[in-house]
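Thanks for coming. Please have a look at the model on the screen, and then I will take it piece by piece.

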Amino acid sequence: MVDQLPNLGREAEMLEAMGMTSIDDLFTDIPEHVRRSEPLDLPPPQTEEEILREARMLLGMNISVDSRPSFLGAGLYSNYVPTMVPMLATRGEFLTAYTPYQPEVSQGMLQAMWEFQTMVSELVGLPVSNVSMYDASTAAAEALTCAVRVHGRKASQKSTIYVSELIPPHRMSVIHNYTQGAEIVVKTLPHNDDGMIDLTAVGAAEGACAVYVEQPNSFGLLDPGLCELKPIIGENTALIVGVQPVSLGLVAPPGDYGADIVVGEGQPFGIGPTAGGPIYGLFACSEAYIRQMPGRIVGLSKDSDGERAFTLTLSTREQHIRRHRATSNICSNETLIALMGAMHMALLGPGGLEKLAQRNAGACSATKSALLALDEVELVHPNGSHFNEFAIRLPRPAADLLSFLDDECDITGGLDLSQWWPERENELLVCATDQIDIEDIEELAEGIQDWLEGYE
Amino acid sequence: MSDLFAFNGSQDAGYAQPDPISDEFAIPAALQRSKLPRWPRASEPEIVRHYTWLSTRSHGIDSGFYPLGSCTMKHNPRVNERIVQMPGMNDLHALSPASHLQGMMAIFHEMQEMLAHCAGMDTVTLQPVAGAQGEFTAMRCVQEYHRDIGQENRDKVIVPDSAHGTNPASAAMCGYEIIEIPSLDNGRLDLDALRAVVGDDTAAMMITNPSTLGLFEPEIAEAAEIVHEAGGQMYYDGANFNAILGKTNPGLMGFDAVHYNLHKTFSQPHGGGGPGAGPIGVKAHLSDYLPSPLVIAEEDEEGETWFDWYEPPKTIGKVQQWHGNSGATVRAWAFYRRYGRDLEKMSEHAVLNANYLRHRIMNPSKEVRDSIHAMPCDGAPADVVKHEFTLSMTPVKDATGVTGKDIAKRLLDFGYMAPTLYFPMIVPECLMFEPTETESKEAIDQFADDFLHILTEDPELVKTAPHDTPVKRVDEVWAARNLILRHPCDDE
């Protein structure tokens with residue numbers, strides 16, 4: 001028996017008021033030849049209690065990254081979300097609202113998103129942020145198409161963008177899907193063996209519409225060379241930088257070194273890795289890009305009494321007005337997760353952000369030192385500064401080590417880099433966030449040592 | 001008025017954290033941050049009060065009736081929120097080995113099967129995270145399919161003029177040229193207009209059924225035949241799937257691909273704008289192009305079910321970087337389990353409530369009728385509507401100068417969210433109502449009475465509405481002219 005329908009058992013009364021006798025009278029407009037002949041072949045309805053029990057059983061089968069030492073990052077990061085955040089964000093006025101099309105009764109969410117825009121803007125060093133994209137990859141892809149719309153006409157390399165060759169293949173795939181329709185040519189920027197961008201090759205991007213790089217990059221490397229890019233590529237080529245936002249507690253905001261658009265994965269602020277979704281993409285830009293940017297934006301305004309009020313603005317970029325000429329098809333975004341991010345950022349404050357970044361950098365550094373002390377383990381990029389992540393080279397395939405750590409030590413060891421780049425079979429991407437403690441690192445080092453010895 | 005950036009505590013007034021486990025890290029000199037962001041300096045008690053205050057200035061389904069047409073603002077069962085907060089959900093990593101994700105993959109697999117069954121499709125992917133992304137993903141699959149069979153010349157997508165704005169926007173993002181066809185005077189699909197534009201350059205037609213007028217397109221199978229004969233594909237915008245579940249399905253109507261809005265039909269909370277989820281289902285000939293990975297079920301040596309990832313052989317790759325909005329998938333799973341095979345009842349009640357509300361508004365008592373300045377008229381003629389319906393306020397505007405927008409704003413004073421305003425664009429002064437299945441008869445009666453009452457009110461009162469909301473009518477033009485998009489954070 002379904003318990004979600006207030007008018008169950010009252011159908012006759014309502015039908016009678018309309019001069020009808022049966023529910024079927026409401027479906028006479030569906031022609032016979034397209035009607036289902038059989039009822040839905042689905043299980044019987046369940047009660048809340050039964051569903052909860054089954055959910056507990058199914059989710060209980062999963063092995064979470066919080067239940068054991070986990071060194072898996074690669075774009076999704078184990079974190080701690082203060083209890084306040086989910087409790088407040090699930091207040092019904094936030095949780096069960098639609099996009100704030102009626103600003104007079106949506107001031108709360110609008111103000112919260114305006115504050116979110118402000119905090120993101122402060123974090124990345126650019127004046128404008130939108131209310132969120134789906135994730136880091138769609139944010140990067142839409143930043144690139146946005147840059148092509150802004151620079152396409154003047155660019156000497158028409159519809160051409162340059163992307164770091166080190167961005168993860170799944171992000172590259174999203175970028176391909178989002179850019180192929182506009183016939184955008186995607187070229188890659190090479191890196192040196194030390195993992196840093198090859199500055200001698202960046203000149204090729206001059207006259208293109210955009211350059212996309214990440215800080216830290218896929219190997220966790222902080223690359224000071226990115227500060228040199230903007231003067232090389234010039235004013236008419238957008239510098240787009242993808243960030244791990246927690247790093248910005250210690251690392252210079254890309255706006256300070258010439259980025260025109262900053263994107264990134266907001267997830268570490270506000271929500272756990274949550275199997276990859278819902279998370280949210282950050283998108284911030286300089287003023288020149290505002291009218292071509294995707295997504296919702298909240299602006300300050302005033303009401304008819306002259307009182308301060310907020311509203312969605314620049315809607316004429318959007319699909320519900322501009323249809324096929326819209327800057328993006330995005331409609332639903334990730335507002336509630338961005339709200340959780342805003343709450344988390346607000347509670348951290350400037351000092352909390354700095355400390356969180358220090359904890360991540362410290363955990364990464366301590367893990368790196370412990371693993372380097374092992375014979376036969378070497379850093380893939382020994383001279384670099386890392387944040388969160390670093391790659392190690394092993395004498396045997398990383399996949400084998402990961403199985404060993406999983407089966408014998410109850411440790412999630414990281415990412416086997418051959419999953420991204422087949423030639424990197426012996427390389428492991430190790431991530432340590434603020435959730436890693438000294439004991440976790442010791443267990444990992446011991447586990448790797450045991451594995452190494454097992455092969456001798 | 002609470003201002004987040006006015007809190008003036010210490011730099012680390014927020015939550016206390018453990019100390020770093022090492023301070024032996026170095027940021028390259030050129031990359032060191034010189035000035036921390038000017039974030040709030042506030043403690044938990046202050047932040048909690050701030051956001052609680054903000055919540056009192058927002059309106060959700062929990063606050064009151066929310067008849068926002070096309071958006072399906074139904075009740076969100078609370079157990080679903082409890083489930084996604086349980087261990088084994090928020091704390092899962094998408095790249096963990098399949099052996100760590102078996103419970104999640106079991107839910108994914110069940111949802112793939114359930115959604116395919118409900119829509120009459122062969123294969124479902126859960127990866128797209130919004131309806132618009134579902135549209136985009138499906139059109140990418142169609143595009144690759146056509147390239148694969150040597151028909152890359154098919155570069156046009158047909159949409160009716162009543163379509164959601166995302167349809168043409170999504171197809172355009174794939175690189176398609178958009179052909180918009182006009183609706184008939186009665187709001188229905190014009191088959192002659194369709195015949196006039198289909199051809200060997202037609203890639204697909206995108207359409208929602210019931211249409212955005214809330215009307216079932218009686219000639220949908222014929223439309224599919226016309227498009228298929230020209231070699232095009234039929235795309236079903238599932239935004240209105242809520243109306244027909246269990247009665248018919250897109251497969252029976254002749255569609256090749258469909259997206260589902262888990263945040264509409266399956267009750268994922270809208271969250272003030274998202275997250276949603278927009279899985280897509282396709283017929284077998286498009287299955288090989290779906291984004292990767294899908295979940296498949298296998299049997300191990302002991303006969304136990306084992307779930308694994310599967311990459312379709314001609315996959316378009318990724319549209320979201322992980323497995324879509326898993327949290328939305330899990331909530332939708334819990335929602336569908338609540339109904340099971342009775343999902344048909346959900347659609348019946350959505351349609352019952354919409355027709356009842358329409359009847360109540362359009363048939364006032366004589367006493368009320370006599371005091372109304374002018375009655376609205378149907379956006380399109382119909383004996384029955386599906387889950388939503390449109391009314392044109394043109395007669396009201398002609399009689400009193402009160403616009404659809406004015407009425408929408410006045411409804412806010414009564415504690416209601418306004419219906420969808422000025423969409424679809426083919427209905428002048430349009431208001432679109434969708435009560436959903438989770439509103440009681442009493443709530444609908446009260447809303448109808450209040451709506452009719454507004455039509456009796458002094459036009460000046462309505463034109464200057466709202467009056468009893470946290471702020472008065474907001475000046476959207478001023479916002480767009482001045483573009484104040486962030487707090488100045490001035491140090492004072």
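What covers the buried residues of α5 of chain B? I will answer that after some housekeeping. This is a predicted model, in which local features need pLDDT of at least 70 and side-chain atom pairs count only at pLDDT 80 or more, while totals for chains, interfaces and linings use all residues. Residues are numbered from 1 along each chain as its sequence is written, chains are lettered from A, and ligands are numbered from 1, in the order in which they are written.

Now the answer. The cover of the buried residues of α5(B) includes α9 (319–322) of chain A, together with α4 (131–148), β2 (156–160), β3 (177–181) and β4 (202–207) of chain B. Helices (H or I, at least four residues) and strands (E, at least two) are DSSP runs, numbered from the N terminus. Helix α5(B) spans residues 166–173, and eight of its eight residues are buried. Buried means that 20 or more other C-beta atoms lie within 10 Å of a residue's own; with 12 or fewer it is exposed, and in between partly exposed, the C-beta atoms being placed from the backbone. Among the buried ones are B:T166, B:P168 and B:M173. After α5(B) comes B:G175, with a positive phi near 105°.

Next, the two chains together. Their contact takes 169 residues from chain A and 170 from chain B; two residues are in contact if their C-beta atoms, placed from the backbone, lie within 7 Å. On the side of chain A that touches chain B, the largest share, 25 residues, comes from α10(A).

Chain A by itself has 12 helices and 15 strands. Its C-alpha atoms fill a box of roughly 85 × 55 × 50 Å along the principal axes. Of its 456 residues, 62% count as buried.

Now a sheet in chain A. In what order do its four strands stand? The order is β11-β13-β15-β14, in an open sheet with antiparallel pairing. Strands β11 (378–379) and β14 (415–416) stand at the edges with a single partner strand each, so one side of each has no neighbour in the sheet. Two strands pair if DSSP finds at least two bridges between them. Strand β13(A), residues 389–393, is joined to β15(A), residues 427–431, by five bridges, and A:F390 stands opposite A:V430. Between β14(A) and β15(A) there are two bridges, and here A:D416 stands opposite A:L428.

Strand β15(A) is largely enclosed by the rest of the structure, because five of its five residues are buried. A:E427, A:L429 and A:C431 point one way from it, and A:L428 and A:V430 the other way. Helix α10(A), residues 335–372, lies across β11, β13 and β15 of chain A, at about 10° to β13(A). For such angles, axes are lines fitted to C-alpha atoms, for helices over the stretch in contact, and the angles run from 0 to 180 degrees between N-to-C directions.

Last, a helix pair. Helices α11 (398–409) and α12 (438–454) of chain A pack at about 115°, with their axes 10 Å apart. The two are therefore roughly perpendicular; that word covers 65 to 115 degrees, while under 35 is roughly parallel, over 145 roughly antiparallel and the rest oblique. Residues making this contact include A:L401 and A:F404 of α11(A), and A:I448 and A:W451 of α12(A).
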